[in-house]
Amino acid sequence: MISYKKILSNSLKAFISKPFVVIPSILLFLFFFFLSILAQKIQTRLNTNTELIIFTVISTLLIFLVMSFFFSLLIIISKQALKGKFEINYAIKNSFKQTFKLFAIILITLLIYNIIQQIVYYLSTFIGHSLSLELNSAKFIYFILYFIGLSGILIFISLSTFILILKDKSILESISESVKIVKENYLLVLSVFVVIFAISEVSLLIHSILKESLNILIITPLISLIFTNLILDNDIRTK
């Protein structure tokens, strides 16, 4: 039986004692910052809708590829932090190696997420109209259905990115193993997602600079440590 308390405790210790784990998040933020400046300059020179569409498609693919690299880097560095060592050359080399596979998993996850979002929207709209609900009641129905969709479907592939990077599995193997591990540790994974969801809602009330700082320096690295620790601990337990 995996000790959730041990996983959380080890993750917090690694986060505090190995601050290098925040490096990928900071680098990704800087990439987005400079890309947004560059994108604004390029968009002012585009004259037709076709040029704008082409630019949007290329920039979106570039963003997801770079995100895949830095997420891969974050997961590898999280493992190094938990193991008590930091080998940046190894981390970068293996991140490049896994970037395209991680890119594919991210696209699959986004596709499933968008399908869930559309189903929830139309279902909650139908229920709202059928029962003549007020706006706040309809929003509550949407929230409940949205949570059910995430906690009942999307959560089961949430560890696939970590499994792919940490265990060098194929895309299908990573998704399959993610489903298995989440089923065995559903409460831990769900509790992390509930905390993420709560923070995202509260963060709407916080100044954008403070919100980004919290995401970059604390939330993203800590979540990566928790899920990386879960995969590693599960590996040890099943051997």
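Helices here are DSSP runs of H or I with at least four residues, numbered from the N terminus. Keep in mind that this is a predicted model.

**Stop one: I219.** Select residues 208-238. This is helix α9, and I219 lies in it. Is I219 buried or exposed? Its relative accessible area is 16%, and buried means under 20%, so I219 counts as buried. Now show what surrounds the side chain. Setting aside neighbours within four places in sequence, I219 is in contact with I199 and L214.

**Stop two: S174.** Move to residues 171-184, helix α7, where S174 sits. S174 has 0% relative accessibility, so it is buried. Which residues does S174 touch, beyond those up to four places away in sequence? Select I105, S160, I163, L164 and K169. Stay on L164 for a moment. Its backbone nitrogen is 3.4 Å from a polar atom of the S174 side chain.

**Stop three: helix α5.** Select residues 135-152. Helix α5 has 18 residues. Now colour the buried positions of α5: L145, Y146, G149 and S151. As you look along the helix, recall a general point. An α-helix has 3.6 residues a turn, so residues three or four places apart point the same way.

Technical notes: Residues numbered from 1 in each chain as written. Predicted model: local features only at pLDDT ≥ 70, side-chain atom pairs only at ≥ 80, totals over all residues. Heavy atoms only, no water. Helix = DSSP H or I, 4+ residues; strand = E, 2+ residues; numbered from the N terminus. Expected span 1.5 Å × (residues − 1). Buried < 20%, exposed > 50% of the residue type's maximum accessible area, 1.4 Å probe, protein only. Polar contact = N/O pair within 3.5 Å; in protein donor to acceptor, adjacent residues only side chain to side chain. Contact = heavy atoms within 4.5 Å.
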